[in-house]
Amino acid sequence: GGAPELLPLPAVGGGTATEFAAGTFQQGWITGTASRDEGDTRRLYPVRYHLPSGRYEPLPPGVVPAAGNGQGWVIGPVNHLSAGLVTDAGLVRLPDLDGRTDRYATVAVSVSDDAAVIGGQLDVEPGVVTRAIRWRCH
């Protein structure tokens, strides 16, 4: 029953974003992608927004925010090759079953509030068999 409230747009790429598409909202953190038109080109910038402080923070380039948690940590594809977790300390690429990273079809889709468990999927036989996967982080 409440009225919507427009949030401010972040500063990205040397100017103000044209749009901000929110992905997840958890305990005061909003994760998503800001876009900015630069001539005929639309540039995308992964960001997180801390609602209580009104502060936007950039995420590492190449990260596509899929989900976030209550700490503002974000999971999602990295350069369309691997799954990653962004914490306050930086980006961690999540390995596949062979311990490799930068492999197509390894996808993270959910993250617990303490980031101890991340859920997703990977191709165990590329293009043929996809399986659910769980990472337990230490």
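Which residues have the most contacts inside the largest nonpolar core? In this predicted model, that core has 13 residues, and those with the most contacts inside it are Ile 75, Leu 85, Leu 94, Ala 108, Val 111, Ile 118 and Trp 135. Two or more residues each come from strand E9 (82-87), strand E11 (106-111), strand E12 (117-125) and strand E13 (129-136). As general background, nonpolar side chains in soluble globular proteins tend to be buried together.

Leaving aside residues up to four places away in sequence, Leu 85 touches Trp 73, Val 74, Ile 75, Gly 90, Leu 91, Val 92, Leu 94, Val 111, Ala 115 and Ile 118.

One of the bridges can be followed from Ala 108 to its partner in E12, Gly 120. The two strands form a hairpin with five residues between them, and in the turn Ala 115 has a positive phi of about 60 degrees.

Elsewhere, Thr 24 sits in strand E3 (residues 19-26). Thr 24 counts as buried because its relative accessibility is 18%, under the 20% cut-off. Its side chain makes a polar contact of 2.6 Å with the side chain of Thr 31, and a polar atom of the Thr 24 side chain lies 3.0 Å from the backbone nitrogen of Gly 68. Among the residues that Thr 24 touches beyond four places in sequence are Trp 29, Ile 30, Ala 66 and Ala 67.

Terms used. Residues are numbered from 1 along each chain as its sequence is written. This is a predicted model: local features need pLDDT of at least 70, side-chain atom pairs count only at pLDDT 80 or more; totals for chains, interfaces and linings use all residues. Side-chain values use heavy atoms; hydrogens and water are left out. A nonpolar core is a set of buried Ala, Val, Leu, Ile, Met, Phe, Trp, Tyr and Cys residues joined through side-chain atoms within 4.5 Å. Buried means under 20% relative accessible area, exposed over 50%, partly exposed in between (1.4 Å probe, protein chains only). Helices (H or I, at least four residues) and strands (E, at least two) are DSSP runs, numbered from the N terminus. Contact means heavy atoms within 4.5 Å. A polar contact is a pair of N or O atoms within 3.5 Å; within protein, one must be able to donate a hydrogen and the other to accept it, and residues adjacent in sequence count only if both atoms are side-chain atoms. Two strands pair if DSSP finds at least two bridges between them.
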